[in-house]
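Here is a short tour of one protein chain, written for someone new to reading structures. Have a look at the picture, then read on.

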Amino acid sequence: MDAFFSNWAGLGALIWLGIGAALLAAELLTGTAYLLWIATAAALTAALAFLFPGASLPVQLVAFALFALATTVVGRRFFKPDTTPSEDPTLNSPLQRHIGQQAVAVDGFVSGTGRVRLGDTEWAAKTLDDADPASGSVLVVTGVEGAVLHVTRAN
């Protein structure tokens, strides 16, 4: 066990940098920002281990714990997520942009379901009142459910 501690003293800064890099990589995969603060704590501990190469592993672990606590508290207090509403409410749901557009029935609907052409794409569609528009009817998109457009007859 003494060999582990003596080797750690010489490589402590590099090991902490490696831990910090692994945490940053994990943060990139999750995108939650929680691991960012722990990775920052590992980087600060690496700096401590570099400046004080004789610091033992228990001292470095305590420093890491304190740095992790401090960076998490500071990070959550000063770096809050942006919760302002978007100017484009359909930004992350592009199918919602089809609402209000006109589509043409490709074939006649059966039991309220069929296919429509919207732009250069054919979509599965259904009418909410189970109406059966004929082929070539002009329809208006009133909603979206998954990849199925809700349509009604255009006035």
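## Ground rules

One term comes first: two residues are in contact when they have heavy atoms within 4.5 Å. What you see is a predicted model, where local features need pLDDT of at least 70 and side-chain atom pairs count only at pLDDT 80 or more, while totals for chains, interfaces and linings use all residues. Residues are numbered from 1 along each chain as its sequence is written, and side-chain values use heavy atoms, with hydrogens and water left out.

## The whole chain

Start with the parts list: the protein chain has three helices and five strands.

Now for the overall dimensions. The C-alpha trace spans about 85 × 30 × 25 Å along its principal axes. The radius of gyration of the protein chain is 29 Å, whereas a compact globule of 155 residues would be near 15 Å. That radius is taken over C-alpha atoms, and the globule rule is 2.2 Å times the number of residues to the power 0.38.

How much of the chain is buried? Buried residues account for 28% of the 155; the word means under 20% relative accessible area, with exposed being over 50% and partly exposed in between (1.4 Å probe, protein chains only). Of the contacts between residues at least 6 apart in sequence, 44% link residues at least 24 apart.

## Zooming in on Ser137

You'll find Ser137 in the loop between strand 3 (121-127) and strand 4 (138-145). Ser137 counts as buried because its relative accessible area is 18%. Its side chain reaches the backbone oxygen of Ala134 at 2.7 Å, a polar contact (a pair of N or O atoms within 3.5 Å; within protein, one must be able to donate a hydrogen and the other to accept it, and residues adjacent in sequence count only if both atoms are side-chain atoms). If you skip neighbours within four places in sequence, Ser137 touches Ala103, Val104 and Ala105.

## Zooming in on Gly143

Next stop: Gly143, in strand 4. Why is Gly143 called buried? Because its relative accessibility is 9%. Beyond its neighbours within four places in sequence, Gly143 makes contact with Ile99, Val148, Leu149 and His150. From C-alpha to C-alpha, Gly143 is 9.9 Å from Lys126, and the two are 17 residues apart in sequence.

Definitions and conventions:
Helix = DSSP H or I, 4+ residues; strand = E, 2+ residues; numbered from the N terminus.
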